[in-house]
Amino acid sequence: MKTIRDISTLREVLQSFRQDGETVALVPTMGGLHRGHMNLVQLASEYAERVVTSVFVNPTQFGPQEDFADYPRPFDTDRRRLSRGGVDILFAPNHEEIYPFGADDMTTVSVPGLSTILCGEYRPGHFDGVTSIVNRLFNVTAPDVAVFGQKDYQQLAIIRRMVADLHMPIKILAGPTYREKSGLALSSRNRYLTDDERKLAPELYATVCDCRDQYPGSGKALVDLEQSCIEQLVRVGFKPEYLQVREAGDLSVPDKDSRHLVVLAAARLGETRLIDNVLFEVNGS
Ligand code: AMP
């Protein structure tokens, strides 16, 4: 595995792959890698001959009060993991390489609408930071395929929209959420949880699943169910931000004809913000 820090070297190496007729998959990450990330790498390798994984803790997707400074950066461990996982290129640029004119004046790519609901309501500017970095990574890598986790479902929906809207010739693949046996979705941020919080954390997924299992259709009954799930989270000790059922495709509020759905939730446990979701289908009656 090659570790590359600058864009021009990355482009040269990718060019040589392409000259040999090889396709390229990109797996963007912020490091602190776990099995969930490595499963995305595995999926990427099934769709392209060469796999690039980027590790970049992107400052523009963190709010001023968020954990950018504390975000885990176990770079050597990440590098070993990626090398063992069969990655061809670890792309680990520094801030200046990615934002040559500084992040304050950066050119922003924004997917309005989808970026301001759900998590976007509680993390203003977050998704603009995500689409702006993913765009840069797409521009410098020009991958055939890019792989994202279903764990960050809203992010996935936004990236799919961006790629479709900007006619980017990139196939977006979604990897399933990797979970502990308890049901807790793996996340780089789980390491912030205290022992006691860790025992409670699986309740987020359990509650999201309860909501799915009791889905009553659209309208007031749905609002009541969402509210009772939020109350369930509060009783366990969470500070919920939202728990909502949405259309899986465009994250709109479901109506009686909706068939492909997703329950999405975000809640704080102590200082740690956790998100989770589950997709499901309902049959027409
Ligand atoms: P991050 O490093 O948190 O920005 O995540 C990088 C990629 O890994 C994103 O596409 C995430 O959705 C994905 N990811 C994070 N956690 C998981 C998980 N538990 N299972 C599958 N994919 C994940």
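1. Where does M1 lie relative to β1 (2–4)? M1 sits in the segment before that strand. The model is predicted, and this note reads it as such. M1 is partly exposed, at 37% relative accessibility. Leaving out residues up to four places away in sequence, it touches R79, L82, S83, V87, D88, I89 and L90. D88 is 87 residues away along the chain, yet the two C-alpha atoms are separated by 4.7 Å.

2. Next, the domains. The domain assignment of the protein chain gives domain 1 (2–175) and domain 2 (188–277). Their centres, taken over C-alpha atoms, are separated by 26 Å. Domain 1 puts 23 residues into the contact, and domain 2 puts in 16 residues.

3. Now the area of that interface. About 1800 Å² is buried between domain 1 and domain 2. Carbon and sulfur atoms give 55% of this area. On the domain 1 side, L118, Y122 and Y153 stand out: they supply 34% of the area that domain 1 buries against domain 2, more than any other three residues.

4. Polar links cross the interface too. The rule finds ten residue pairs in polar contact between domain 1 and domain 2, both residues at pLDDT 80 or more. On the side of domain 1 that touches domain 2, α5 (119–122) and α7 are the elements that give two or more residues. The biggest giver on that side is α7, with four residues.

5. How many salt bridges cross between the two domains? The rule finds one. The side chains of R189 and D67 meet in a salt bridge, 2.8 Å from N to O. D67 lies in the loop between β3 and α3, and R189 in the loop between β6 and α8, so the pair ties together parts that are 122 residues apart in sequence. Both ends are buried: D67 has 14% relative accessibility, and R189 has 18%.

6. A search of the whole structure finds 13 salt bridges. One of them pairs R123 with E66, with the closest N and O atoms 2.6 Å apart. R123 is in the loop between α5 and α6, and E66 is in the loop between β3 (50–55) and α3 (75–84), so this pair links parts 57 residues apart in sequence. R123 is buried, at 9% relative accessibility, whereas E66 is partly exposed, at 28%.

7. Contrast that with K256 and D257. These two form a salt bridge whose closest N and O atoms are 3.7 Å apart. K256 is exposed, with a relative accessible area of 64%, and D257 is exposed as well, at 52%. Elsewhere, salt bridges that share partners join E22, R50 and D88 into one network.

8. Which residues have the most contacts inside the largest nonpolar core? They are F91, F138 and I172, in a core of 46 residues. Elements that each supply at least two residues include α1 (7–19), β2 (24–29), α6 (126–141), β5 (145–149) and β8 (260–269). The core draws at least three residues from each of domain 1 and domain 2. In soluble globular proteins, nonpolar side chains tend to be buried together.

9. Beyond residues up to four places away in sequence, I172 touches F138, A146, F148, L156, I159, R160 and V163. There is also a second, separate core of 23 residues, with A201, L233, A267 and V278 among them.

10. Is T272 buried or exposed? T272 counts as buried, at 1% relative accessibility. T272 is found in strand β9 (residues 272–281). Not counting residues up to four places away in sequence, T272 touches R189, Y192, L193, E197 and A267.

11. Last, G183. This residue is found in the loop between β6 (171–175) and α8 (195–200). G183 is buried, with a relative accessible area of 8%. Leaving aside residues up to four places away in sequence, G183 touches Y205 and D276. G183 and A201 are 18 residues apart in sequence, and their C-alpha atoms are 8.9 Å apart in space.

Note on methods: Residues numbered from 1 in each chain as written. Predicted model: local features only at pLDDT ≥ 70, side-chain atom pairs only at ≥ 80, totals over all residues. Heavy atoms only, no water. Core = buried A, V, L, I, M, F, W, Y, C linked by side-chain atoms within 4.5 Å. Buried < 20%, exposed > 50% of the residue type's maximum accessible area, 1.4 Å probe, protein only. Domains from an automatic or database assignment. Contact = heavy atoms within 4.5 Å. Buried area = accessible area lost by both parts, 1.4 Å probe. Salt bridge = Lys/Arg side-chain N within 4 Å of Asp/Glu carboxyl O. Polar contact = N/O pair within 3.5 Å; in protein donor to acceptor, adjacent residues only side chain to side chain.
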